[in-house]
Amino acid sequence: MSSTGPPVLPISTVQSTESQPPISVSAFRAFLSRLNDSFRNGISQRRPWPELTDRSAFSKPESFSEATLRIRKNYSYFRVNYLMVIGFTLAFSLLSHPFSLLLLLGLLFSWVFMYLFRPADQPLVIFGRTFSDRETLGILIILSVFVIFLTSVGSLLISAIMVGFGLVCSHGAFRAPEDLFLDEQEPANTGFLSFLGGAASNAAAAAVPAFSATRI
């Protein structure tokens, strides 16, 4: 008699994807890490606050042209401090208006979790209806226009930024810059836009590949 072995049970080789974290999680972490590095690098370039508030260095400008020249020099030297002043003004305005802050945070989280870092294999479903990427983008754009322009959020942001710029211009006009010395490398890379541009480009470098990966 020929002996036969026990029957072999088929084993599935399909790997479960539940153990793998969604691709949006790692993408979002990479984005936050790059944004945090850019923020820390920018903060490290700030000038000492006692130098900014040195009372002995304040004097009235003799003319409008002198005030403009002072603003330009102080702007180049205290650019990170000035940006922080505007940020503090904006944060204070938002904290003093909790409803506007909640609306703005809700809008931000909607863009982040409903579109930018949402995995491609998980379509947006609201009240049993599935929305495509184009429909989701259109909804978020309409929601952004409504929150910023049809509520108090837009006017609050504009007024806070204007107050911050007013404080910066007033300080720049009355702070005599004769005792300030810029490094030779700094004049080519001065201003708010260069600082913001560096942070935005670094954050975009992490966000774009992650966004492309979630849409594949």
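Okay, let's start with a definition: a helix here is a DSSP run of H or I at least four residues long, a strand is a run of E at least two long, and both are numbered from the N terminus. His171, for instance, is found in helix α7, residues 152-174.

Before going on, a word on what we're looking at. This is a predicted model, with residues numbered from 1 along each chain as its sequence is written. Local features need pLDDT of at least 70 and side-chain atom pairs count only at pLDDT 80 or more, while totals for chains, interfaces and linings use all residues, and side-chain values use heavy atoms, with hydrogens and water left out.

So what does the secondary structure come to? The protein has eight helices and two strands. Going along the sequence, you read α-α-α-α-α-β-β-α-α-α.

Back to His171. Is it buried or exposed? His171 counts as buried, because its relative accessibility is 14%. The cut-offs are under 20% relative accessible area for buried, over 50% for exposed, and partly exposed in between, using a 1.4 Å probe and protein chains only. Leaving aside residues up to four places away in sequence, His171 touches Leu52, Phe58, Asn74, Phe78 and Tyr82. A contact, by the way, means heavy atoms within 4.5 Å.

Some of those names come back in the largest nonpolar core. That core has seven residues: Leu52, Tyr77, Phe78, Tyr82, Ile86, Val168 and Leu180. By nonpolar core I mean a set of buried Ala, Val, Leu, Ile, Met, Phe, Trp, Tyr and Cys residues joined through side-chain atoms within 4.5 Å. There's a second, separate core of six residues, including Leu94, Leu107, Val147 and Leu157.

Stepping back to the whole protein, 29% of its 216 residues are buried. Of the contacts between residues at least 6 apart in sequence, 84% join residues at least 24 apart. Ile158 lies in helix α7, and Ile158 is exposed, with a relative accessible area of 56%.

Now the outside. The accessible surface is about 14,800 Å², and 68% of that belongs to carbon and sulfur atoms. Those areas come from the Shrake-Rupley method with a 1.4 Å probe, and for residues only the protein chains shown count as cover.

Which residues form a nonpolar patch on the surface? They are Ile141, Leu143, Val145, Phe146, Phe149 and Leu150, with about 610 Å² of accessible area together. Patch residues have over 30% relative accessible area and no salt bridge; like charges are joined within 9 Å, and nonpolar side chains (Val, Leu, Ile, Met, Phe, Trp, Tyr) within 5 Å. Leu143 sits in helix α6, residues 133-149, and is partly exposed at 33%.

Next, charges. Side chains of opposite charge can pair when their charged atoms come close. How many salt bridges does a search of the whole structure find? It finds one, between the side chains of Arg70 and Glu66, at 3.2 Å from N to O. The definition asks for a side-chain nitrogen of Lys or Arg within 4 Å of a carboxyl oxygen of Asp or Glu. Both residues lie in helix α3, residues 64-77, four residues apart, about one turn of the helix. Arg70 is buried at 6% relative accessible area, whereas Glu66 is partly exposed at 23%.
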